[in-house]
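Subject: Structure for your review

Dear colleague,

Please find below the sequence and structure that I am handing over to you. My notes on what was found follow directly after.

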Amino acid sequence: MSLLSIFATAILPIVTIAGVGFALGRVKAVDPDPLNTVVVYVLAPALVFHSLATTEFGSGTLVRVVVGVAVYTVAMILISELVGRLFGASDPLLSALVLVSAFPNSGNYGVPVLEFAFGATGRSTAVLYLTAQNVLIYTVGVYIASRSGDSSSLAGVKRAAKIPLIYAVIAALAVRWLGLVPPDGSAALSTLKLVGDSSIPVMLLILGLQLSQTNYGAALRRAGTANVLKMGVGPVVGVGVALAMGFEDPTVAKAFALECAMPAAVTPLILVAEFAGGEQVGGIEVAEYVSTVVLTTTLVSVPLLTVFIALLDAGVVF
């Protein structure tokens with residue numbers, strides 16, 4: 001497919017829906033938090049359960065994706081920590097740089113993009129990636145965010161235990177192992193699919209709302225390093241990890257690499273706001289820095305992901 005065709009089929013729908021949310025956030029004072037709660041506790045678990053219960057993935061693929069997420073995250077943490085220290089960054093700005101570089105937006109942005117790009121296989125890969133990353137971000141991520149503050153990183157362990165996505169994965173794997181998956185077309189699966197599918201446009205609307213509230217200001221000058229790490233180094237590391245994992249299905253490998261290439265996640269902003277508070281570095285609030293990186297990487301991702309998808313479709317790597 002041409003770049004224009006790929007953009008129109010895989011990226012434009014995402015940009016359009018997120019753009020509606022952005023415009024709504026600019027003209028109306030809409031709080032995205034209640035919508036996010038609905039997604040986290042109802043819509044996303046339904047999406048995860050249905051995708052994993054009905055996926056054709058074998059246990060080997062499931063394990064490889066989870067291990068791959070862990071390897072990619074650790075690699076990006078080490079790289080961004082090293083780069084940050086070389087450039088003289090110190091906490092809490094260093095912690096913020098590590099968080100935005102290591103954790104891609106695998107949910108609000110990644111799930112829709114992967115579904116549009118690679119269909120059901122892409123969506124199944126995305127929801128599994130999202131679940132594994134959520135465990136890491138609320139444990140390792142909380143530790144990174146809190147290491148320069150006064151809050152206890154043990155709060156992350158408690159928070160991770162409350163993530164419904166984890167239990168949706170456990171339940172889906174259990175019914176698959178026990179052979180209790182409802183037949184395709186049954187009322188149970190149809191209901192779960194309906195609820196899960198609704199999470200995709202809602203995630204994008206939330207993304208747009210969150211970006212509409214971004215206050216970048218002076219932090220824009222400091223966002224360059226994070227943009228290079230997230231949108232330049234991240235995809236390369238993702239491809240390397242995908243190759244190392246040896247996925248049997250090339251579509252899963254492509255989907256995994258594409259998920260690693262997503263822009264910075266919004267969750268680090270929540271962690272920084274909670275653990276770093278209103279701390280400033282060089283006159284810039286750390287939360288402002290993170291929100292700026294989220295916005296700029298999201299904008300940069302539109303042309304970069306279009307090209308990356310074209311390369312993956314052409315079989316350049318997988």
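In these notes, Ala, Val, Leu, Ile, Met, Phe, Trp, Tyr, Cys and Pro count as nonpolar, Asp, Glu, Lys and Arg count as charged, and the others, Gly among them, count as polar. Please keep in mind that this is a predicted model.

I begin with the second largest pocket, to which these classes apply. Its lining divides into 4 nonpolar, 11 polar and 7 charged residues. The pocket holds about 390 Å³ of space. It is lined by 22 residues, and those closest to its centre are Thr 54, Thr 55, Glu 56, Ala 120 and Ser 124. At least two lining residues come from each of H2, helix H3 (59-86), H5 and H9. Among these, H5 gives the most, with 4 residues.

The largest pocket has a volume of about 920 Å³. Of the 36 residues that line this pocket, Asn 36, Val 40, Tyr 138, Thr 267 and Ile 270 lie nearest its centre. Two or more lining residues are given by each of helix H2 (33-54), helix H5 (110-137), helix H8 (164-178), helix H9 (187-212), helix H12 (267-275) and helix H13 (286-313). Here H2 gives the most, with 7 residues. By class, the lining has 18 nonpolar, 14 polar and 4 charged residues.

Next comes the interior. In soluble globular proteins, nonpolar side chains tend to be buried together. The largest nonpolar core in this model has 93 residues. Those with the most contacts inside this core are Leu 52, Val 113, Phe 247, Phe 256, Leu 258 and Tyr 289. What does Leu 52 touch, leaving aside residues up to four places away in sequence? Leu 52 touches Leu 62, Ser 124, Val 127, Leu 128, Val 169, Ala 172 and Arg 176.

Val 272 is found in helix H12. Is Val 272 buried or exposed? Val 272 counts as buried because its relative accessibility is 3%, and the cut-off for buried is under 20%. Val 272 and Leu 258 are 14 residues apart along the chain, and their C-alpha atoms are separated by 26 Å.

Finally, a word on confidence. The chain averages a pLDDT of 87, and 90% of the residues score at least 70. Confidence is highest in helix H11 (residues 250-260), at a mean of 97, and lowest in strand E1 (residues 280-281), at 60. Where pLDDT is low, the predicted coordinates should not be read in detail.

Yours sincerely

Methods:
Residues are numbered from 1 along each chain as its sequence is written. This is a predicted model: local features need pLDDT of at least 70, side-chain atom pairs count only at pLDDT 80 or more; totals for chains, interfaces and linings use all residues. Side-chain values use heavy atoms; hydrogens and water are left out. On a 1 Å grid over the protein atoms alone, a cavity is a set of points where a 1.4 Å probe fits but cannot get out, and a pocket is an open set with protein on both sides within 12 Å along at least five of seven lines; lining residues have an atom within 4 Å of a point. Grid points are joined across faces, edges and corners, and a volume is the space filled by probe spheres set on the points. pLDDT is the predictor's confidence in each residue, from 0 to 100. A nonpolar core is a set of buried Ala, Val, Leu, Ile, Met, Phe, Trp, Tyr and Cys residues joined through side-chain atoms within 4.5 Å. Buried means under 20% relative accessible area, exposed over 50%, partly exposed in between (1.4 Å probe, protein chains only). Contact means heavy atoms within 4.5 Å.
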